[in-house]
Amino acid sequence: MTIIIDNAASWRDIARVGDGENLALAPAAWDRIAHANRIVASVVEKGIRAYGVNTGVGALASQVVAPALQEKLSRNIIFSHACGVGELVPERSIRAVIAVQVANFAHGHSGVRPQVVRNLLTLLERGCVPDVPSRGSAGYLTHNAHIALVLIGEGRARVAGRRMSGREALAEIGLEPLVLGAKEGLSLVNGTACATGLTSIALVRAERLLSWADAAAALTLEAAGGQMAAFDETVLAMRPSPGMVGASLRHLLDGSGLIAAARGSRTQDALSLRAVPHVHGAAREVLERSAQLVDRELASVTDNPVVAGTPDEPQVFSQAHPVAPMLGQTADGLTIALAQVAAMSERRIDRLVNPLVNNLPAFLAAEGGCNSGFMIAQYTAASLSNVNRRLAAPAATDGGVTSGLQEDFLAHPTVAANKLLAVIDNAEYILAIELMAAAQAHDFLAGKAARAPGTDAIYRAVRQRIAHYSDDRPLSWDMEMLRDFIREADVAR
């Protein structure tokens with residue numbers, strides 16, 4: 001299927017392109033791109049001073065660049081800004097970033113040639129993935145520059161899983177290296193495509209993560225003999241919240257013999273059980289708000305400078321649209337919410353393995369003493385939760401000074417997006433461990449009472465992938481297998 005962008009894309013559109021769907025532009029978008037390019041040509045012809053068109057960039061903005069050197073300026077911007085380091089960004093995320101770049105150009109205020117946009121679309125269509133280091137971006141420049149390297153036949157890329165030079169990659173997909181015109185180098189590194197693309201991928205993963213968080217909590221609640229009165233519809237309605245997940249838990253646990261047998265056995269459960277609707281619900285509300293803000297970003301022009309008017313009366317505006325404090329704050333907020341969901345999951349794991357607070361075999365081991373069971377699996381979850389706690393410190397307040405005091409404020413949206421993705425990685429592992437431990441607990445409860453149909457489907461999905469644990473294999477393998485499953489699969493119903 002092909003996603004077609006006219007006026008604005010949505011975060012789901014971007015995520016679908018990240019997952020492999022093609023991207024195309026409506027005729028009106030192509031008209032806007034061509035019109036903006038004619039305006040840039042007029043700016044160059046008339047000699048109107050414009051940042052990054054016929055001047056240097058950053059603290060060099062007052063340095064005029066002669067017309068004969070403007071192509072060189074564009075090329076040099078790509079080279080000098082390609083400063084990323086570290087492990088490569090996954091293919092899914094790179095595709096999302098390219099999709100956002102195209103969507104930004106489609107607004108018709110950047111001025112790049114239509115051919116530049118066509119070549120970006122061809123990268124997506126033919127599966128050419130530029131090598132983009134994941135670290136080193138203070139805002140939005142380095143990731144975009146590494147993508148642009150491939151457009152000019154430099155850098156490195158992967159085509160059909162094979163790594164090659166940028167020039168070889170272009171030849172593989174039938175393209176020639178571009179010779180960039182005035183402003184094109186700056187436009188290719190500018191904007192919020194990086195943080196917006198990464199956050200779009202994070203939203204998809206967070207949405208699935210929260211569904212699995214409900215599923216894991218329900219399976220644990222059933223094994224622990226949770227008191228369902230805390231999730232009663234009338235009770236939860238006393239604390240109005242559209243994200244509250246009481247209905248989800250009631251549905252998953254409806255018809256549970258284990259829950260019925262435990263009714264009234266405790267006055268109330270520990271908070272890691274009793275407050276699931278509140279913590280998961282809060283995260284859902286943050287997710288919903290985050291999605292709205294990312295869509296707003298996609299509806300925005302995030303280049304600098306932007307062009308407007310007509311070729312006869314060109315207008316160029318220098319501003320700060322590529323600066324994205326809202327995106328950074330959005331990613332930071334969702335990071336905190338998901339870190340809290342994962343922290344609660346780790347506490348539920350402890351309640352499953354801790355013989356001081358349950359009636360299950362100590363550490364869910366079949367032979368206590370000889371077997372350690374899930375003792376150290378809980379350590380792993382605790383470690384990941386602690387890492388999440390550190391990652392949840394906001395990036396948006398880090399600040400910094402760059403480019404000789406010219407760029408003396410940094411919003412760090414890309415750093416925030418990378419932290420968000422790292423927290424989701426850790427949270428997926430923690431939830432996988434909870435599902436493993438909860439399934440193990442249910443094995444020991446076999447024959448006491450029936451599971452609910454909803455939780456039984458979850459239990460069976462776990463057991464189809466990993467067997468009961470008897471200290472007969474490294475648990476790490478099971479963690480990886482189940483984490484991969486919940487990362488890609490919807491919750492069984």
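Leu120 is in contact with Ile98, Gln101, Val102, Phe105, Ile147, Leu151 and Leu188, leaving aside its neighbours within four places in sequence. The model is predicted. Leu120 belongs to the largest nonpolar core, which holds 145 residues. Leu120 is also among the members that touch the most other members, together with Leu23, Leu188, Trp212, Leu338, Phe374 and Leu435. Helix H9 (residues 193-223) supplies the largest share of this core, 20 residues. In soluble globular proteins, nonpolar side chains tend to be buried together.

**Salt bridges**

The structure holds 29 salt bridges. Three of them are listed here.

| Pair | N to O distance |
|---|---|
| Arg75 and Glu154 | 2.9 Å |
| Glu87 and Arg135 | 3.3 Å |
| Arg473 and Asp478 | 2.8 Å |

Arg75 and Glu154 meet in a salt bridge that links distant parts of the chain, 79 residues apart. Arg75 is in helix H3 (residues 70-81), while Glu154 is in the loop between helix H6 (141-151) and strand E6 (156-159). Arg75 counts as partly exposed because its relative accessibility is 32%. Glu154 has a relative accessible area of 26%, so this residue is partly exposed too.

Glu87 and Arg135 also pair through their side chains. This pair joins strand E3 (residues 85-88), which holds Glu87, to strand E5 (residues 133-135), which holds Arg135, across 48 residues. Arg135 is partly exposed, at 48% relative accessibility. In the pair of Arg473 and Asp478, by contrast, both residues are buried.

A network of salt bridges links Arg205, Asp425, Glu428, Arg483 and Asp484.

**Cavities**

The model has 2 cavities of 30 Å³ or more. The largest cavity has a volume of about 100 Å³. Its lining has 18 residues, of which Val100, Asn104, Thr192, Ala193 and Thr302 are the closest to the centre. Helix H4 (91-105), helix H8 (184-189), H9 and helix H14 (276-298) each give two or more residues to this lining. H4 gives the largest share, 5 residues. By class, the lining divides into 6 nonpolar, 11 polar and 1 charged.

The second largest cavity contains about 50 Å³ of space. Arg205, Arg208, Leu209, Trp212, Glu428, Ile486 and Arg487 line this cavity. Two or more lining residues come from each of H9 and helix H19 (475-488), and H9 gives the most, with 4 residues. This lining has 3 nonpolar, no polar and 4 charged residues. Arg205 and Glu428 in this lining are also members of the salt-bridge network, and Trp212 in this lining is a member of the largest nonpolar core.

Technical notes: Residues numbered from 1 in each chain as written. Predicted model: local features only at pLDDT ≥ 70, side-chain atom pairs only at ≥ 80, totals over all residues. Heavy atoms only, no water. Core = buried A, V, L, I, M, F, W, Y, C linked by side-chain atoms within 4.5 Å. Buried < 20%, exposed > 50% of the residue type's maximum accessible area, 1.4 Å probe, protein only. Contact = heavy atoms within 4.5 Å. Salt bridge = Lys/Arg side-chain N within 4 Å of Asp/Glu carboxyl O. 1 Å grid on protein atoms, 1.4 Å probe; cavity = no way out; pocket = protein on both sides within 12 Å on 5 of 7 lines; lining within 4 Å. Points joined across faces, edges and corners; volume = space filled by probe spheres on them. Nonpolar A, V, L, I, M, F, W, Y, C, P; charged D, E, K, R; others polar.
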